Each structure stands twice: as structure tokens, then as C-alpha cells.
Amino acid sequence: MRLRLAGAVLLSAAAYYVYLPLPSGVSEPWKLMLLDALFRSFMQASDVAHALGVCHRVHLLNRVVSWVEVIEARSSAAVHVADSTLGGVPTRVFEPSGGSRPKRGVIYFHGGGWALGSGRMRSYDLLCRKMAEDLDAVVMSVDYRLAPEAVFPDQYHDALAASRAFLSAQVLQRYGVDPQRLCVSGDSAGGNLAAAVAQELSSDDTLQVKFKAQALIYPVLQALDFHTPSYQQNQAVPILYRPVMARFWLQYLGADSSLEPLLLANNHSSLDQPGISAEARSRLDWTGLLPAERRKHFRPLVRETGSAGVVGRVPGLTDVRAAPLLAERGVLGRTPKAYVMTCEFDVLRDDGLMYGRRLQDAGVPVTSDHYEDGFHGCMVFAYLPMMSDVGWRSMNNYIRWLDQNL
Ligand SMILES: *[C@@H]1O[C@H](CO)[C@@H](O)[C@H](O)[C@H]1NC(C)=O
């Protein structure tokens, strides 16, 4: 009896911990709750370790993630897998064993807020392996440096160095890759790096070889507005909560985490910030860039006066290499055809939707793939902690788009 009672108490405590009210319409809510409970317990454990001075929270998180998720480079009959370097940056290379030559090529940047994750994690390993196999493509998954040790523009520079090497005659020849069939891709913070790299390299006239396509999965593209409709609507939707994204940005830009409340109040993009031009503002003005069905009843938060001098102290906020949505139309117009995947239940939804719209306005062919039941991270966590339906659907559609467009 006592045992049964203890069991019931424990069970309800666990259910209380896991349970989270989710918006109706999100795909398989219980799976998302479990994934979130997993993330939250890791986060809380690392917060405690951080507070006790044991180690930086990101280090503990990365240690746990490595322990649970990092796997050796294991080849299968279909795909040869090896850890190597690309332009001096550690990279896991997936080479299909059979098939024809020359092959397609994809360079991939993993997500994790520029601070977490690795191309050697099981989830990314599985994704890249599947891409290599299904597309008969050589896939290179880049382990750029991470925050807090590395901050902007280190991650960007690593992504760029790896991409330049990827486009070089030497690498293309060595792996038997077709210079006409190359794609740059990534998810979340990796989608940010992919977009930034696509802009920089398509505007570089010294390059002989260019990307044919860019595929951006729920990318993060701007840090000036934390009150887009999707930031407002999904601020409490797992796994990427609004304050967590603000913290990732501050860490990436090498700014103090104490600025978080200020960012969340949009005090850094108030009208009295001299560092933000009217043109820059128009590039993320969602009242014009988003369709009515996404704007819904939400109102923009634009302050007359904010916190003086923030943009001067954190110059990355207005740097296009950190925030690709701020690029001018001419630069966007030179980038390759694009696939932009977005999820309804994601604070970053509108970053992606606005970017897709601006690319299209600049004359770039864009496939906008929106998941009405999707949540941030769903594609990569298709396998974690269990098979997710929207994860599978989105992964298959992403690979199908590459198959038809690369
Ligand atoms: C935002 O700016 C206003 C006006 O300068 C100020 O009163 C307020 O305290 C600031 N809020 C934060 C969170 O910094």
C-alpha cells in the first residue's frame, strides 16, 4: 500500500514536471513535452552547476549532450563516414560508396544557438547519412567553434573558411563532386550561418564555383525585434523559449547576459538608437513583410526611447554577417535559389518567413515550406526521444526538395 502510494506520488510528480500546456494544433504534444522535459532537466542541472561554480553551464550541457549523443564516425555499406577537416575546421564527411560520379555536394551547419551541438551528434549524423544516401551526395557537416569560448565573428569565419574550401577545385576533385551541384544548408543557428555564407560567397566575384542552392531550416536571422508575431505567440512554447533565444544571441555577440531584459523589451531597437537606419528597420518590418494570417492580432513593439548606446556597445546587432535578414536587396538578389522551412510553433517562424519574402522580392526563386503543426527543432529531433511525425515529414520534404533542385 505504502509502495503504491509512493509510486503514485512519484508518477504525478513526474507528470507535473513533464506536463506543459501546449497550443492546440502542435504535432504530437506528448512527444514534444517529453523532449522538453529532457531539455529542461539538462538545462536546470547545468544552471545549478553554473551557480555552484562547478563549470560554465554551456560546458556541462555540451558534456551531457556529448555523452548521450556524440557517436563515432562509423561507415556503413552505403556511406563511408570519416572525421576530417575542411579549411582547417573539423568536419564529418559522408561519402556514398556507390552511385555515379561526379556527385552532388552539401555543406551543413548544425544548430544549437552557436553554443551547443556538433555534427558528430547522433541526430545530425543520421540526417547527413540519410542525405548522402538518398541524394547520392557528398555531405560535409562542419564543427565550427562554439560560444562562450568563440564569439561572433568566429563561428561565421569558420563557416566561411569551410565553405570556401568546399568550393575549391582541390576538394571537389578529391571527393568527385560536381561544381554545378552544390548546396549550403543548416538548421537554426546553422541556418543563420548558411544564409550568411550564401550572401558573402555569392557576392564574391573572385570565386569560380558558386552554390546552386541554399536550404535553411527554421533559421535565426535577426536580433533587433523580439516581438515579431511568432516571438509573441510562441514565447512559452518548447523547446526554444523566447528568453533562451535572447540569451543565445547575447552570448554569440559577446555581450553581457545582463542585457537580456533589455533585448526582450525591444529597448535595443528603439527609435532613438542612432546605429539603426530607417532602411535597416524596413528590412524586418513584419507589418509589411508578413501576410495577414501570420500577423493575426499582434502589434509591433517599437519604442520611442530605449536604452541608450546598446547598439554601439553590441555592434553585432546590426551586422549582416550575424543578422542576414538585414542584407540589402542587391545582396539577396545574388544568392542562390532557396528553400526556407518554417514552423508555426517556433519563435523564429517570422525570421524565416520574412527572409523568404525578401529573397523572393529580390528575384530569387524561393520554396517556402511551412509546417502548421511544426515546432522548433522538429526536423533534427525527428528521432529523439522517439519518432516524431512532423519531424519525419519535414525531413523527407527537405530531402525531396534537394533531390529536385540540386
Ligand atoms: C527600456 O527603456 C526605458 C526608457 O529608457 C527604461 O525606462 C526601461 O527601464 C528600459 N527597460 C529595460 C528592461 O532596460
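Okay, let's start on helix α16, where the buried residues are Arg349, Asp350, Asp351, Gly352, Leu353, Met354, Tyr355, Gly356, Arg358 and Leu359. Bear in mind throughout that this is a predicted model. That list covers ten of the 13 residues of α16, so the helix is largely enclosed by the rest of the structure. From its first C-alpha to its last, α16 reaches 18 Å, close to the 18 Å you'd expect at 1.5 Å a residue. After the helix comes glycine 363, with a positive phi near 95 degrees.

Now step back to the loop ahead of that helix. Aspartate 346 sits there, between β7 (337–345) and α16 (349–361). UniProt, in an unreviewed entry, lists Asp346 under "active site", along with Ser188 and His376. Those three span 189 residues in sequence, yet no two of their C-alpha atoms are more than 10.6 Å apart, so they gather at one spot.

So, is Asp346 buried or exposed? Aspartate 346 counts as buried, because there are 27 C-beta neighbours inside 10 Å. Setting aside residues up to four places away in sequence, Asp346 touches Tyr218, Ser230, Asn234, Leu240, Gly374, Phe375 and His376.

His376 is in a loop too, the one between β8 (366–375) and α17 (389–405). Histidine 376 is buried, with 28 other C-beta atoms within 10 Å. Beyond four places in sequence, the contacts of His376 are Tyr218, Ile239, Leu240, Cys343, Asp346, Val347 and Leu348. If you compare the two contact lists, Tyr218 and Leu240 turn up in both.

Next, the ligand. Which residues surround it? They are Pro261, Leu262, Ala265, Asn267, Thr305, Gly306 and Ser307. By class, that shell has three nonpolar residues, four polar ones and no charged ones.

Asn266 lies in the loop between α10 (260–264) and α11 (278–282), and it is partly exposed, with 18 other C-beta atoms within 10 Å. Lysine 296 also has a positive phi, near 45 degrees. Lys296 is in the loop between α13 (292–295) and α14 (310–313), and with 10 C-beta neighbours inside 10 Å it counts as exposed. Why flag these? Because most residues other than glycine have a negative phi, and most peptide bonds are trans.

The peptide bond from Arg101 to Pro102 is cis, with omega near 0 degrees, and Pro102 lies in the loop between β2 (89–96) and β3 (103–109). The bond from Phe152 to Pro153 is cis as well, with omega near 5 degrees. Pro153 is in the loop between β4 (137–142) and α5.

That brings us to α5 (residues 154–166), where serine 163 sits. Ser163 counts as buried, with 27 C-beta neighbours inside 10 Å. Its contacts, again leaving out residues up to four places away, are Ile107, Val184, Val197 and Leu201.

Last, the core. The largest nonpolar core has 110 residues, and Val139 and Val142 touch the most other members. Helix α7 (residues 189–202) gives the most to this core, with eight residues. Among the contacts of Val142 are Leu86, Val89, Phe109, Ala159 and Ala162. In soluble globular proteins, nonpolar side chains tend to be buried together. That's me done, questions welcome.

Definitions and conventions. Residues numbered from 1 in each chain as written. Predicted model: local features only at pLDDT ≥ 70, side-chain atom pairs only at ≥ 80, totals over all residues. Near = placed C-beta within 6 Å. Nonpolar A, V, L, I, M, F, W, Y, C, P; charged D, E, K, R; others polar. Core = buried A, V, L, I, M, F, W, Y, C linked by C-beta atoms within 7 Å. Buried ≥ 20, exposed ≤ 12 C-beta atoms within 10 Å, placed from the backbone. Helix = DSSP H or I, 4+ residues; strand = E, 2+ residues; numbered from the N terminus. Contact = placed C-beta atoms within 7 Å. UniProt positions renumbered as here; feature names shortened; annotations may be inferred. Expected span 1.5 Å × (residues − 1).
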